[in-house]
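Reader: Could you take me through this structure, please? I am new to it.
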Amino acid sequence: MNKQKSILIIGAGLCGSLLALRLGQRGYNVRVVEARPDLRKTNINSGRSINLAFSDRGIKAMRLVGMEEKVKPLCIPMNGRMIHEPNGNTFLSPYSGRTDEYINSISRGELTALLIDEAEALENVSFEFDKKCKEVDFENKTAIFRDNKTHRESEINAHVIFGTDGAGSALRKSYFLSKRFLFSYSQNYLSHGYKELSILPTEDGGFRAYKNALHIWPRGNFMLIALPNLDGSFTVTLFLSLDEGKYNFNNLTTPKIVEEFFRKEFPDALELMPNLMDDFFKNPTAPLGTVKCSPWHYRGNTLLLGDAAHAIVPFYGQGMNASFEDVVEFDKFLDNHNDDWEATFAAFEKSRKIDTDAIADLALDNFVEMRDHVANPIFQEKRKLETLLEMRLPNDYLSKYSMVTFNENLGYHEAMVRGRAQDKAILKMIADHRIKVDKDMSDDELKLVLENILTETEVILEKDRLAKTMHY
Ligand SMILES: Cc1cc2nc3c(=O)[nH]c(=O)nc-3n(C[C@H](O)[C@H](O)[C@H](O)COP(=O)(O)OP(=O)(O)OC[C@H]3O[C@@H](n4cnc5c(N)ncnc54)[C@H](O)[C@@H]3O)c2cc1C
């Protein structure tokens, strides 16, 4: 009976399409309305990264909707970071010592198209494109859309409305502007922006650089990264200050200075990018920011999910994965509350927000790690030790990266608290020469190292717990 209720989803991006599929599978009548043209029919560039790092939390979501096998052919495994040093040396730093732990490069467009196809195949799910939501009357559960072609406005009414309309969400804006309830909202930009570039395939469709890695050129205050695509190309992203430092987006205004910058900082990448100037001057420079807000829901009428509720910076490769995980978590709460939407929304948000706040903070930490620490000798020593522990004691040790990326049943908050304390313990022990990383250590010696790490981590966690109880 309740399943006859109509559901409106605003935004057919990654989160909205997956949500539509899941709610459709549960038998609800779902109508999805998207601002952009149908990406399956038009060659549109979403303006956001063409490929994404897709990992275990995202894969768990695919499993929930029965899509794990269908997604696999779109994935290129990336086993580690290929670090490119300024002198041209390269080395691979594995993401984990366990061989079954790797991340994947996946096309945003193809993954979204697959989810839309699958959802649309259900008779109770429909999609409409080229209609942009202007505002939502969340009290009366009505959304106003403007058709991009006819410019006509229309109203859509539903029993429940979901806002999966990304970082610039119209539903979130309606909450904010209405001043009808206490809505907290923050948006923090980084002083860095990003620009997408590319490494094209070889003439016979091959890869110009090692295929199964996420390439990083860490340069302290800025960095270049590259992820592989199925057609042999790489999507390259430059993260750089907008207006600080010798080279920044504001002063890279001519081909001469762009070439000078790349020749000095990324000479090996420049060799692979004869198309650099075209890309650089054609593609936009975009900002990077974190959005946090609460509440995500208004009574049992509306709910924000995905980037609309919690946009994060991309440095942990978790924004999409977290948005997919929202759907998995939300689905559990649907089971618990028997179609009482207000209770479902409130319980979901209470349990989920602590985890999305944590991944927002971890993503900011990782910006410093990727552009700077990966080139630091103590950090490299730590990664070597962690890889050794994960390889030789696979059931006993999890790095912070593994907890966040490969342990989909551990919440982000728990991973953050445990992972940060462990990192602190290891770095301190290496800096104090209390650990010497030696790959020929016996199992007993390695077990002793691990025991010491765990003891030191526990001391740090206990201090953190104590410090917390003293904040009153
Ligand atoms: C440079 C960069 C790199 C990234 N790399 C990774 C990565 O490696 N791994 C990872 O997990 N995440 C990554 N992310 C994050 C990831 O892109 C987002 O977290 C993810 O796209 C969120 O999905 P979403 O569906 O919530 O939002 P979106 O993907 O933004 O989808 C929102 C949809 O709503 C539509 N829409 C917007 N406004 C309206 C409106 N008013 N009316 C109707 N429709 C509307 C949009 O057109 C869009 O289709 C990256 C992000 C950036 C910027």
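Author: A definition comes first: helices (H or I, at least four residues) and strands (E, at least two) are DSSP runs, numbered from the N terminus. The model is a predicted one, in which local features need pLDDT of at least 70 and side-chain atom pairs count only at pLDDT 80 or more, while totals for chains, interfaces and linings use all residues. Residues are numbered from 1 along each chain as its sequence is written, and side-chain values use heavy atoms, with hydrogens and water left out.

Reader: Is Ala-421 buried or exposed?
Author: Ala-421 has 2% relative accessibility and counts as buried. Buried means under 20% relative accessible area, exposed over 50%, and partly exposed in between (1.4 Å probe, protein chains only).

Reader: Which residues is Ala-421 in contact with, leaving aside its neighbours within four places in sequence?
Author: They are Thr-457, Ile-460 and Leu-461, where contact means heavy atoms within 4.5 Å. As for Asn-336, its C-alpha is 34 Å from that of Ala-421, and the two residues are 85 apart in sequence.

Reader: Turning to the whole chain, how many helices and strands are there?
Author: The chain has 15 helices and 19 strands. Its radius of gyration is 23 Å, close to the 23 Å that the globule rule gives for 472 residues, so the chain is as compact as a globular protein of that length. That radius is taken over C-alpha atoms, and the rule is 2.2 Å times the number of residues to the power 0.38. Along its principal axes, the C-alpha trace spans about 65 × 55 × 45 Å.

Reader: What share of the residues is buried?
Author: Of the 472 residues, 54% count as buried. Among contacts with a separation of 6 or more, 71% are made by residues 24 or more positions apart.

Reader: Now the ligand. Which residues come nearest?
Author: The ligand has 32 residues around it, and Glu-34, Ala-53, Arg-108, Asp-307 and Met-320 come nearest. A residue is near a molecule or strand if one of its heavy atoms lies within 4 Å of it.

Reader: How much of the ligand does the protein bury?
Author: The protein buries 89% of the 1000 Å² that the ligand exposes when taken alone. Accessible areas come from the Shrake-Rupley method with a 1.4 Å probe; for residues, only the protein chains shown count as cover.

Reader: Which element gives the largest share of the shell?
Author: Helix α10 does, with four residues.

Reader: A last topic: where is the cis peptide bond?
Author: The bond from Ser-294 to Pro-295 is cis, with omega near -5°. Pro-295 is in the loop between β17 (285-294) and β18 (297-298).

Reader: And what is the phi of Lys-179?
Author: Phi of Lys-179 is near 55°, a positive value in a residue other than glycine. Lys-179 lies in the loop between α5 (170-178) and β13 (184-199), and at 69% relative accessibility Lys-179 counts as exposed.
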